Amino acid sequence: MYDLGYSRPATLAKALELLQQDDLAQLVSGGQTLMPVLRARLAAPSQLVDIARLDDLRQICTIGAGIEIGAGMTHAEVAASPVVRAHLPALAALAGGIGDAQIRHRGTIGGSIANNDPAACYPSAVLALGARVQTNLRMLDAEAFFAGMFATALEPGEIVTAVHFPACAVACYLKFRNPASRFALVGVFAARLASDEHRIAIIGGGNGVFRWHEAERHLDRGAGVDGLDTVPLDLANFTGDIHGSADYRRHVAKVITRRALTQMA
Amino acid sequence: MNETVANGKFGQSVKRVEDARLITGRGRFVDDLVFPGQTYAAFVRSPYAHATIAGIDLASAQDMPGVIRILTGRELADAGLPPLPSGWNLSSIDGTPARVGLHHALAVDAIRFVGEPVALVIAETRDQARDAADTVLVEYQELPTVVDLAAAIADDAPQLHDGIAQNRAFEWEIGSSAAVEAAFAGATRRVTLSLRNNRLIPNAIEPRAINVQWSAFDEAMTIYLTHQNPIGMRGFFAIMLGLPSENNLRVVSPDVGGGFGSKAPAYAEEFAVAFAAKMLDRPVKWTAERSESFLTDAHGRDHLTTAELAMDDNGRFLGLRVHTLANLGAYISTSNALVVSYMYATMLSGQYAIPAIHARVEGVYTNTCPVDAYRGAGRPEAAYLIERLANLAAREIGVDQAEIRRRNFIREFPYQTPLIYCYDSGDYEGCLDAALGLADYAGFEARKAESQARGKLRGIGLSAYVEACGIGPSKLLASLGGGGAMWESCEIRVQPGGSIEVLTGAHNHGQGHQTVYAQIVSERFGVPMDSINVVQGDTDRIQAGTGTYGSRASVGLSAAVHSCDKIVAKGRAIVAHMLEVNLADVVFADGIYSSAASNRTVAFVEMAQAAHGAASFPTDQIEPGLVATSFFDPPNFTYPAGVHVCEVEIDPETGVVEVVAFNAADDFGNVANPLIVEGQVHGGVTQGIAQALWENAIYDPDNAQLMTASYMDYGMPRADSLPEFGLCFWPSPTPVNPLGMKGCGEAGAIGAPPAVINAVCDALGVDHVDMPASPEKIWQLCRAREVS
Ligand SMILES: Cc1cc2nc3c(=O)[nH]c(=O)nc-3n(C[C@H](O)[C@H](O)[C@H](O)COP(=O)(O)OP(=O)(O)OC[C@H]3O[C@@H](n4cnc5c(N)ncnc54)[C@H](O)[C@@H]3O)c2cc1C
């Protein structure tokens with residue numbers, strides 16, 4: 001780690017001010033992505049602005065038929081939340097399957113989606129459920145928020161404050177774990193929305209979260225889960241590495257999509 | 001932790017006395033030590049795997065805050081630090097000595113693997129040292145690289161060392177090729193196998209660390225080092241560092257957080273740091289970061305082997321022919337010439353009576369981290385090969401995998417193999433039956449049908465391993481190219497107050513020595529375990545020693561037994577005077593000396609007081625004091641053996657292999673502490689399963705970069721991926737040491753990999769699949785299976 005400053009402002013306004021004053025300052029929330037990066041000396045921010053404990057970012061509540069989760073809520077809190085478990089049990093299960101216990105007690109939903117690791121779990125739920133991302137400046141649709149691997153629509157100094165998930169009929173998240181890191185080698189969030197439309201969002205392909213539109217249309221036509229194997233899934237969405245070729249990842253995506261849909265039925 | 005620990009007994013599951021301290025964070029490791037005037041070292045490491053060093057520019061680094069000194073390889077060499085020593089002299093078939101590529105502590109003009117240290121920065125703080133190391137400018141001229149064994153021996157392969165053509169360090173053989181030719185000529189059946197034994201990264205929980213103090217006034221050095229053999233390292237270091245004698249050096253290893261072999265070599269970084277401390281006249285400390293551990297801790301395994309087994313029509317093994325390319329990495333690490341030759345090929349007979357065996361091993365340099373002993377060290381590679389061949393043989397003959405083994409088991413002991421070793425004892429078929437019983441082998445078909453109903457493929461795999469532990473005898477090892485010194489010593493000091501110190505040159509790094517040595521002494525003296533203090537790891541305290549590796553606790557414990565015997569015997573002489581009875585009438589049992597000729601008794605502690613008081617016996621006949629030292633040089637290796645049975649379930653859609661059951665019956669001879677031994681088996685089996693399914697060090701074939709250089713990419717085993725293990729002991733006590741112990745530390749890592757792969761092959765109905773059986777590889781095989 002390089003020498004750096006650290007502050008824990010008491011308000012969101014103060015945090016924003018610190019970011020504005022210093023181009024090289026960086027937000028830290030749970031630190032479960034950022035700290036390993038700093039420890040490996042792969043980044044050299046001038047200071048860390050810690051927002052993990054800001055009250056403004058730490059609520060889970062219902063909004064109409066949907067729910068709002070503050071950006072500072074940890075994976076463990078989301079997994080255990082009665083509100084999330086009642087309204088979006090698949091999301092609670094997703095959060096409960098991230099990393100290990102230590103990571104779940106520090107890592108946050110805000111940090112996860114701001115980071116948009118192509119193998120991270122949350123982006124699949126945000127995209128599949130058509131969630132909206134609230135920042136200090138604006139409200140962004142999921143489609144507009146994610147912009148390819150490790151990229152989002154966030155401007156420098158912009159802070160995610162909450163994520164709004166609309167109600168959905170039924171959903172299921174399945175993760176095929178990378179045997180080493182236990183991140184998703186492939187993850188699929190399948191949902192039937194309140195409108196009865198289907199959504200399939202896939203992570204782990206390597207290029208960032210994406211929707212499998214062909215499968216969604218196939219399901220919306222009322223075609224069965226079994227026919228999924230022949231529905232095209234563009235190989236260009238996948239890249240290979242030592243843990244699995246693009247071809248294998250695509251195959252696994254199909255298998256676990258079918259399994260997720262079977263569990264939902 | 002103040003309650004009195006009852007007397008220990010050999011064979012009891014006494015809880016480990018060291019654990020409370022270690023698991024509550026009160027262990028003391030090298031990195032915890034800070035000395036007055038402490039400085040910190042950081043290494044500049046090569047980002048390239050093969051390059052020449054065109055120049056090193058230290059100017060800006062030297063101006064960084066806190067920098068005390070920056071040393072290069074050239075400077076160290078000029079100041080007199082010699083290249084690293086080789087621990088074993090191996091000769092090739094033609095009688096020529098192994099071609100050793102010079103290994104400098106810091107690279108002098110060439111780089112041969114990624115992460116090789118190029119310069120050493122010493123600064124006032126750790127961060128300052130690292131910051132400055134980042135700014136050292138090294139100009140490299142990249143050279144083409146080679147990581148693949150077969151490619152490395154090609155004529156046009158990039159050559160690592162001057163004068164060592166085709167990167168071949170040695171070509172060594174064992175056994176009789178003529179006998180094998182004859183056996184094959186007379187055989188009606190044969191099976192052939194080519195396999196790769198995957199490269200592993202050891203991953204001790206505590207990284208390597210060293211802290212060195214130099215005293216210029218009396219030319220004395222103290223090295224605090226995390227190591228498996230601190231006492232034995234003294235000689236190495238004293239010579240390397242040019243000290244006037246071994247007496248000018250003290251080596252101390254406090255608590256050591258795991259090793260698995262990776263803390264047994266003499267490493268480049270440690271020599272550089274120690275030498276620097278002497279040049280600077282200030283204490284220098286270095287603790288590896290985890291990424292440095294991945295890149296530079298000696299790796300394990302990495303063989304490419306072809307083998308043929310000749311049989312008769314009934315599947316009786318007649319002859320075995322083996323050829324192995326062993327990846328040495330960029331240099332020959334301390335013990336690796338031994339590991340790939342005598343530690344490996346001597347075990348190729350397995351549990352079977354094979355009349356003719358011949359093995360040829362070629363040691364090959366590649367642009368990878370040096371390889372050395374890793375849990376099992378050669379023996380897992382042998383067991384994997386012979387146990388895979390046994391299953392191929394069963395397929396070829398059309399008999400069950402248990403049956404092929406029964407037909408070939410060695411049944412008479414001692415048994416002289418064609419490969420030097422003489423197995424002392426064993427009951428291989430008894431072990432097999434015990435393991436099959438534990439595993440409910442007979443019920444497998446029903447379980448397989450049940451899996452099939454759920455769309456899963458189930459397979460069962462056996463492995464019947466034998467290995468060599470308790471390494472000695474010194475004379476034999478010296479005749480094979482080593483330096484001898486394969487004994488262990490133990491001194492027992494009984495203090496005037498009755499407390500006892502047990503000093504041994506073995507060094508605990510997870511084995512529970514604190515407990516087991518105390519158990520044995522407690523039982524022999526009839527005193528509570530907590531009156532016994534086991535002292536290890538300090539050359540100022542320990543008389544002599546050769547370290548902990550190769551499951552050789554039986555060697556040190558045998559020395560302890562002999563020292564106990566000497567003390568008990570001296571006690572009898574003293575008590576004879578105290579009771580005024582004949583020596584022959586004094587008996588000692590359960591901590592009490594007594595005699596039929598007297599109604600007085602003397603407790604062990606009273607005897608100890610009397611020994612020190614020296615008033616109740618004639619000191620011209622009996623020396624005062626109560627200290628005994630013994631050295632035990634084992635007359636033979638011990639040969640632990642066992643049968644492991646693994647059951648896997650494969651998801652044919654994804655290729656994921658799940659180990660659903662694992663059972664083992666092991667012959668470790670007499671077991672000193674079943675709780676500790678089971679723990680050792682759990683750890684070993686876990687590492688073995690991990691080698692078979694997850695662990696794999698991968699170098700990029702194009703540029704020799706390590707692609708599995710962190711836990712994001714290197715697959716470590718996790719508890720939740722393992723079934724409950726079913727274990728039992730099937731002991732045939734060994735006659736080669738007074739305790740009848742054989743050793744257990746590596747067994748799991750030896751027996752498990754072939755059991756897992758045999759189960760995978762059984763499930764898929766294929767001849768072979770290389771480790772690790774990763775999901776994509778298995779999925780491909782499942783697909784091929786569906787098509788056919
Ligand atoms: C061993 C390991 C295993 C893991 N396994 C998984 C897994 O299986 N699945 C998974 O999804 N994740 C996994 N993770 C990642 C983990 O979930 C992280 O917690 C998460 O990705 C980042 O959240 P954080 O709060 O820790 O963010 P931080 O590390 O604090 O920050 C990450 C980045 O986001 C920025 N940031 C943080 N908060 C905000 C905000 N509110 N607004 C704008 N920018 C912000 C930071 O500046 C930084 O750039 C794993 C991590 C580790 C170390």
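**Figure 1. Pairing of strands S9(A) and S10(A) in a predicted model.** In this predicted model, S9(A) and strand S10 (residues 184–193) of chain A run antiparallel and are joined by nine bridges. Strands (E, at least two residues) and helices (H or I, at least four) are DSSP runs numbered from the N terminus, and two strands pair if DSSP finds at least two bridges between them. A:Cys172 has A:Ala190 in S10(A) as its bridge partner. The open sheet has four strands in the order S9-S10-S11-S12 (chain A), with antiparallel pairing. At its edges lie S9 and strand S12 (210–211) of chain A, each of which pairs on one side only. Strands of a sheet pair through backbone hydrogen bonds, either parallel or antiparallel.

**Figure 2. The second largest pocket.** The space in this pocket is about 850 Å³. On a 1 Å grid over the protein atoms alone, a pocket is an open set of points with protein on both sides within 12 Å along at least five of seven lines, whereas a cavity is a set where a 1.4 Å probe fits but cannot get out; lining residues have an atom within 4 Å of a point. Grid points are joined across faces, edges and corners, and a volume is the space filled by probe spheres set on the points. The pocket is lined by 30 residues, and the closest to its centre are A:Phe176, A:Arg177, B:Val656, B:Val657 and B:Glu658. S9(A) gives the largest share of the lining, four residues.

**Figure 3. The largest cavity.** Five cavities of 30 Å³ or more are counted, and the largest has a volume of about 230 Å³. Among its 21 lining residues, B:Leu84, B:His103, B:Ala266, B:Ser333 and B:Pro370 are the closest to the centre.

Figure 4. Helix H19 (residues 674–693) of chain B has 20 residues and reaches 28 Å from its first C-alpha to its last, close to the 28 Å expected at 1.5 Å a residue; the expected span is 1.5 Å times one less than the number of residues. Because 15 of its 20 residues are buried, H19(B) is largely enclosed by the rest of the structure (buried: under 20% relative accessible area, 1.4 Å probe, protein chains only). B:Asn673 caps the N-terminal end of H19(B), with a side-chain oxygen 3.1 Å from the backbone nitrogen of B:Leu675.

**Notes.** Residues are numbered from 1 along each chain as its sequence is written, and chains are lettered from A and ligands numbered from 1 in the order in which they are written. Local features need pLDDT of at least 70, side-chain atom pairs count only at pLDDT 80 or more, and totals for chains, interfaces and linings use all residues, while side-chain values use heavy atoms, with hydrogens and water left out.

Key: Buried means under 20% relative accessible area, exposed over 50%, partly exposed in between (1.4 Å probe, protein chains only). A polar contact is a pair of N or O atoms within 3.5 Å; within protein, one must be able to donate a hydrogen and the other to accept it, and residues adjacent in sequence count only if both atoms are side-chain atoms.
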